[in-house]
Amino acid sequence: LNALSEHVEEWGSGTRIGDCLLEFVDRYGRSLLDKKTYVFIMSDGWDNGNLEVMSRAMKKIKSASKKVIWLNPLASSESFAPEVQGLKAALPYIDALVPATQIGDLKHVLKK
């Protein structure tokens, strides 16, 4: 992992989630999203990209789908609070923020 971090500038510092979500919705949104679609995003929300891009992507996804469910592996901790900037930018467009650390968490979400 140390060698990898020397060659990959962003290793361990988050990802550009907003950029990825915007590319997804711009490229596939018309064919994959409609008002019957539940969108599941599994991420800790550590976005090191432009937060405006995250907001724009989430707004597009939310407006094109029925529900947006954010599965966060950190949300099961008692001390969890959605404090990272990427997640804070996404929150207005999320219908449910739920923990996802084990398969039972996913089964619980699907029963809702």
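I take helices (H or I, at least four residues) and strands (E, at least two) as DSSP runs, numbered from the N terminus. This is a predicted model, in which local features need pLDDT of at least 70 and side-chain atom pairs count only at pLDDT 80 or more, while totals for chains, interfaces and linings use all residues. Residues are numbered from 1 along each chain as its sequence is written, and side-chain values use heavy atoms, with hydrogens and water left out.

**Entry 1: salt bridges**

I searched the whole structure for salt bridges (a side-chain nitrogen of Lys or Arg within 4 Å of a carboxyl oxygen of Asp or Glu) and got 4. One of them joins glutamate 23 to arginine 27, with the closest N and O atoms 3.1 Å apart. Both sit in helix H2, and because they are 4 residues apart, about one helical turn separates them. For accessibility I use relative accessible area: buried is under 20%, exposed over 50%, partly exposed in between (1.4 Å probe, protein chains only). Glutamate 23 is partly exposed at 45%, and arginine 27 is exposed at 54%.

I then looked up aspartate 26 and lysine 60, whose side chains form a salt bridge of 2.7 Å, N to O. This pair links distant parts of the chain, H2 and H3, 34 residues apart. Aspartate 26 is partly exposed at 48%, as is lysine 60 at 33%.

Another bridge runs from aspartate 95 to lysine 62, at 2.6 Å between the closest N and O atoms. Aspartate 95 is in the loop between H4 and E3 and lysine 62 is in H3, so the pair ties together parts 33 residues apart in sequence.

**Entry 2: H2 against H3**

How do H2 and H3 pack? I noted an angle of about 35 degrees, with the axes 8 Å apart; axes are lines fitted to C-alpha atoms, for helices over the stretch in contact, and angles run from 0 to 180 degrees between N-to-C directions. The residues of this contact (heavy atoms within 4.5 Å) include Leu21 and Asp26 in H2 and Met58 and Lys60 in H3.

**Entry 3: the core**

I looked for nonpolar cores, meaning sets of buried Ala, Val, Leu, Ile, Met, Phe, Trp, Tyr and Cys residues joined through side-chain atoms within 4.5 Å. The largest has 19 residues, and Leu21, Ile41, Met54, Met58 and Trp70 have the most contacts inside it. H3 gives the largest share, 5 residues. Beyond its neighbours within four places in sequence, tryptophan 70 touches residues including Ile41, Met54, Met58 and Leu87.
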